[in-house]
Amino acid sequence: AETGLQIRTDLPTLKIVSRYAPAATPGMPGPFPGRVIKVKSDKCVDTATNTANDQVVREMMAQGMRALTGAPTTADAWRRFFTPSDVVGIKVNCGGYPHCISAYEIVDETVRQLMALGVPVSQIYIYERFQNQMDECNYAARVPQGVQTVAGERANRNTDNSGYDPETYLEANLFGEEDTRSSMMRLVSKRLTKIINIPNIKDHGASGATGCLKNIAYGSF
């Protein structure tokens, strides 16, 4: 019987190089695969000034975390994912500064909740691909001193690749491009135990729109 499925035979060969063995229990897709929680409030942003209300955003995040996990308290909800021993990376999106970036209020509350669980500030990193974009957004000015900000590159076009791990990479010739190797950021491959992805939905010339997958890839690789 015909299934209607087409099996592609032209997929490129992928070479994955890593010092790590696969985990017995992979972290992805996680304990709530495919589940999406929507929280809405007309009070979260003043549309006249485009200013977010910190307290409303904090409550929205709390309700969302409790709804996702079924935990009785917000602290219990966050505790489902993190322990004080974790080293946590917060992957932000700075490319659309100043109008379309990972919201300061969401990043602030994420840091606050991690610290409330006992994660030391020295084990919390805010990271992105380019240093100049991180400097523009300046998340460091809003979060407690000691929270670290890291960029994979000081500038574009391979002028500085020191932020990437040459021992952890994917080699693939997808469409005849000149550069076929994508190395993972040293912070991700050698330091972090958990990552929180705070993306934006943005327009993109090739794919139409980008979101979670684009944000977690660009900067982590």
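A residue is taken as buried when its relative accessible area is under 20%, and in this predicted model M65, with a relative accessible area of 15%, is therefore buried. M65 belongs to helix α1, which spans residues 54-69, and, when neighbours within four places in sequence are left aside, M65 is in contact with A77, W78 and F81. Between M65 and K43, which are separated by 22 residues in sequence, the C-alpha to C-alpha distance is 19 Å.

Two of the residues that M65 contacts, W78 and F81, also take part in an aromatic cluster, in which ring pairs link them with F32 and F82. The number of aromatic pairs counted in the model is four. Rings are also involved in arrangements with charged side chains: the charged end of R181 is placed over the ring of Y169, at 3.8 Å from the ring centre, while the charged end of K214 is placed over the ring of Y218, at 4.8 Å from the ring centre.

T210 lies in strand β11, which comprises residues 208-210, and, because its relative accessibility is 14%, T210 likewise counts as buried. Apart from residues up to four places away in sequence, T210 touches N200, I201, K202 and H204.

Technical notes: Residues numbered from 1 in each chain as written. Predicted model: local features only at pLDDT ≥ 70, side-chain atom pairs only at ≥ 80, totals over all residues. Heavy atoms only, no water. Phe/Tyr/Trp six-rings, centres within 6.5 Å; stacked < 30°, edge-to-face > 60°. Lys NZ or Arg CZ within 6 Å of the ring centre and 35° of its normal. Helix = DSSP H or I, 4+ residues; strand = E, 2+ residues; numbered from the N terminus. Buried < 20%, exposed > 50% of the residue type's maximum accessible area, 1.4 Å probe, protein only. Contact = heavy atoms within 4.5 Å.
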